[in-house]
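Subject: Structure handover

Dear colleague,

I am passing the structure below on to you, together with some notes on what came out of it. Please have it open while you read.

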There are 2 protein chains.
Amino acid sequence: MRKVIQPVKGTRDFYPEEMGIRTWIYQTIRNVSESFGYQEWEAPLLETLDLYAAKSGEELVQEQSFVFLDRGGDKIALRPELTPSLARLVAQRQAQLSVPVRWWSFGPFWRYERPQKGRTREFFQWNIDMLGVNTPEADAELIAVAATFFQKVGLTPDKVTILINDRRLMDSELSAIGILAEKKNDVFNLIDRRNKLQYAEWQTYALSLGLSETQVSGLNEILDNSELWRKSTELSRVFNALSAMGLSDYVQYDAKIIRGLLYYTGTVFEAFSPTGDIRRAICGGGRYDNLLADVGGDPMPGVGFAMGDVVITLLLQSLDLIPTGLGKVPAKILVTVFDQESFPASLEIAKELRQNGLDVICYPEATKLGKQFKFGDRISARIVIVSGPDEMKIGSVTIKDLEAGTQQVILRSEAAKYIKDLLIGS
Amino acid sequence: MRKVIQPVKGTRDFYPEEMGIRTWIYQTIRNVSESFGYQEWEAPLLETLDLYAAKSGEELVQEQSFVFLDRGGDKIALRPELTPSLARLVAQRQAQLSVPVRWWSFGPFWRYERPQKGRTREFFQWNIDMLGVNTPEADAELIAVAATFFQKVGLTPDKVTILINDRRLMDSELSAIGILAEKKNDVFNLIDRRNKLQYAEWQTYALSLGLSETQVSGLNEILDNSELWRKSTELSRVFNALSAMGLSDYVQYDAKIIRGLLYYTGTVFEAFSPTGDIRRAICGGGRYDNLLADVGGDPMPGVGFAMGDVVITLLLQSLDLIPTGLGKVPAKILVTVFDQESFPASLEIAKELRQNGLDVICYPEATKLGKQFKFGDRISARIVIVSGPDEMKIGSVTIKDLEAGTQQVILRSEAAKYIKDLLIGS
């Protein structure tokens, strides 16, 4: 047997069924983003490696990026994340843009990681950001966008929780247990791994960073304190705003949320599902107030989040929340071809129905009617039309309603209206 | 001044305005594809170089592909075209698919070419294909899909022509002037360049391929013969089917259309605009009956075409056919924030309006009302809502209709209905 050429490891083939799910997610994202007044945009899929070098975190750039030299010798990256591109585009037109800028997009990204459940090397991601305002209410708006998406896809608060923290609060708490400024990025990294490592392993890592046993125990106290947010005016306003939007059930304070990327400066958040076996974050984001200056723009605050398509799709599938019928053949009307002579008549009928706004397949071959009907069955056609010599003689077509099991000879000029009535009536 | 990091040459930044155009094109493509019963699918954006090596044509693979070694040492290509991926996916599930398969997609591609008007290195492309049937009427359906797209975007037959030919016809015509089988790919390549080179240059190229002067003159006669299609039963049926679908004005025979890719085996077509200064093909495609076997599947015929987003966008812009308002801020309703105390009330009002299906921006900062109104102006908001202490006391909001220049104090519980009536009434 010949061997079919294989796909690249970590990529996915989107057959119509899988594509139907992706398109439904994209459409839901569009509806939610637009309901909050966000405009769709998109960055190139290739960027220079320099763009990420500053702030994306060493692991992401050095270990997880697909990088290649182009024919001109420049280091090009398949983008591993969107925020640096967002900063670049905003910096390019900073004088012309009306702040607050509200932008969203949905597109492909790549990370060279070991493929596993919930993780592919090529994936799609929703990004949504607000720039030009630094208020806790802006942060709350982004969290509300995420929660509203969860509502729309049927993920009720018992199925997903958004955990929220603030890097400024953590910064002052770390100072309080004597952690010096130059150590803080290391300790943020340590906190980020708190739930990713076994406790003993994590503790060893903490001590290896030079923390004293007292500091580790102080850090543990901080991380376990679910009331810590009350010390932060910003977090209090975030929770207050979310309560006003009726979303308190979706959100929860968690001092262990810190986010890996270096550019976060304030509120940070991640969503998880407490049920089921999907442990990875569904989405994550936060406030980044220095990123624009880092790519060469004037200082401008920002807040946003990203949600990949892989984890959310797995979660929705495991909870049986994907609508049925996605990706099916869109046309519910099949025009058959009686014989080669009547082919033009069938094509004409199909065209007339399309001009009336109907989605129509004309069978592309004058083959046995039985075979054509079988095809109609397989694509779940509702209406099948036959136009043979008898029908043509009287300017009519036979319209079969496979659902009702009825058929009717109808004047061609009245076929579109007749079919629309059938489809509406059902 | 600091320097903003530059984008990669040949890529495009899609600010909301440009993204609005792309999304409108994608949406129109979706509507047209679905009206003919095609299902959306998508391949990975990365494929092994092997997939293209067989049939994509040497220039495309060797000179124009972005290729890199992944960390495992495999040669990976940023896909330069979709058809080989289509063949791969169909070959993988050949036994389960219901033929005829009708699939379409819209996604990114890359070619390392010199960027110029109508050509970028990263571009988007509509692909649409029918597999499993080899009839001229199937070929005509694909051409009809292209013509229907042109109709939908306002490209009337005076603005775009689809030129059609058949490789089988050309094959027999070349035989008739004594061109041997092993020379035919060279001569197809020569024909493909007929309109891309100056005549003298083209003639020199012809002679350099080993054609005699008699053969060159015979070839010229073939290429200038606009009635040649009458010799081909297949082309006669293609034109007959297109006539039945009312599309004769869009199509024309042209013996110079041959297409560069090696996998075409029958009907080939390309669309051009006879007006204006955009000389590049708008779309191109044809029949490829051997491709599935080439990637390891069982033999299965196919026909399809591709349309890039760059040329069609330029053409529509030059003809002023792009709808106005694409990419604008979607929300036409702005809820202002009177002061920090009333922030929760404003958030709540915005939420209530969204729950009623309206797209709403809540200003994310308790700043001066004048600044908020100015923002409303800049995003062309139609409705601006104020909820200060006076309104809150009586459970109401002030609703300003910026278009009508009126304002009204309305009970909060009735605000959504009032605004909907305003928007519908206008």
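Let me begin with one contact between the chains: A:Asp13 and B:Arg88 form a salt bridge in which the closest N and O atoms are 2.8 Å apart. Please keep in mind throughout that this is a predicted model. The rule finds two salt bridges across the interface of chain B and chain A, and A:Asp13, B:Glu47 and B:Arg88 are joined into one network by salt bridges that share partners.

The interface itself involves 101 residues from chain B and 100 residues from chain A, and the two chains bury about 8400 Å² between them, with 60% of that area on carbon and sulfur atoms. On the side of chain B, the residues that lose the most area to chain A are B:Ile5, B:Tyr15 and B:Arg71, which together account for 9% of what that side buries. There are also 32 residue pairs in polar contact across this interface, counting those with both residues at pLDDT 80 or more. Helix α1 of chain B, residues 16–35, supplies the largest share of the side that touches chain A, namely nine residues, and that side as a whole divides into 51 nonpolar, 20 polar and 30 charged residues.

Strand β2 (residues 46–48) runs antiparallel to β4(B) and is joined to it by three bridges, while strand β3 (residues 66–69) pairs with β4(B) in the antiparallel sense over four bridges. B:Ile76 in β4(B) is the bridge partner of B:Thr48 and also of B:Phe68. β3(B) and β4(B) form a hairpin with five residues between them, and B:Gly73 in the turn has a positive phi of about 95 degrees.

A:Arg287 and A:Asp139 meet through their side chains at 2.7 Å, N to O; the pair links strand β10 (residues 283–287) with helix α5 (residues 136–152), parts of chain A that are 148 residues apart. A:Arg287 counts as buried because its relative accessibility is 0%, and A:Asp139 counts as buried because its value is 1%. A:Glu113 and A:Arg119 form another salt bridge, with the closest N and O atoms 3.4 Å apart, and both of these residues are buried.

Best regards

Definitions and conventions: Residues are numbered from 1 along each chain as its sequence is written. Chains are lettered from A and ligands numbered from 1 in the order in which they are written. This is a predicted model: local features need pLDDT of at least 70, side-chain atom pairs count only at pLDDT 80 or more; totals for chains, interfaces and linings use all residues. Side-chain values use heavy atoms; hydrogens and water are left out. Contact means heavy atoms within 4.5 Å. Buried area is the accessible area (1.4 Å probe) that two parts lose on being put together, summed over both. A salt bridge is a side-chain nitrogen of Lys or Arg within 4 Å of a carboxyl oxygen of Asp or Glu. A polar contact is a pair of N or O atoms within 3.5 Å; within protein, one must be able to donate a hydrogen and the other to accept it, and residues adjacent in sequence count only if both atoms are side-chain atoms. Helices (H or I, at least four residues) and strands (E, at least two) are DSSP runs, numbered from the N terminus. Ala, Val, Leu, Ile, Met, Phe, Trp, Tyr, Cys and Pro count as nonpolar, Asp, Glu, Lys and Arg as charged, and the others, Gly among them, as polar. Two strands pair if DSSP finds at least two bridges between them. Buried means under 20% relative accessible area, exposed over 50%, partly exposed in between (1.4 Å probe, protein chains only).
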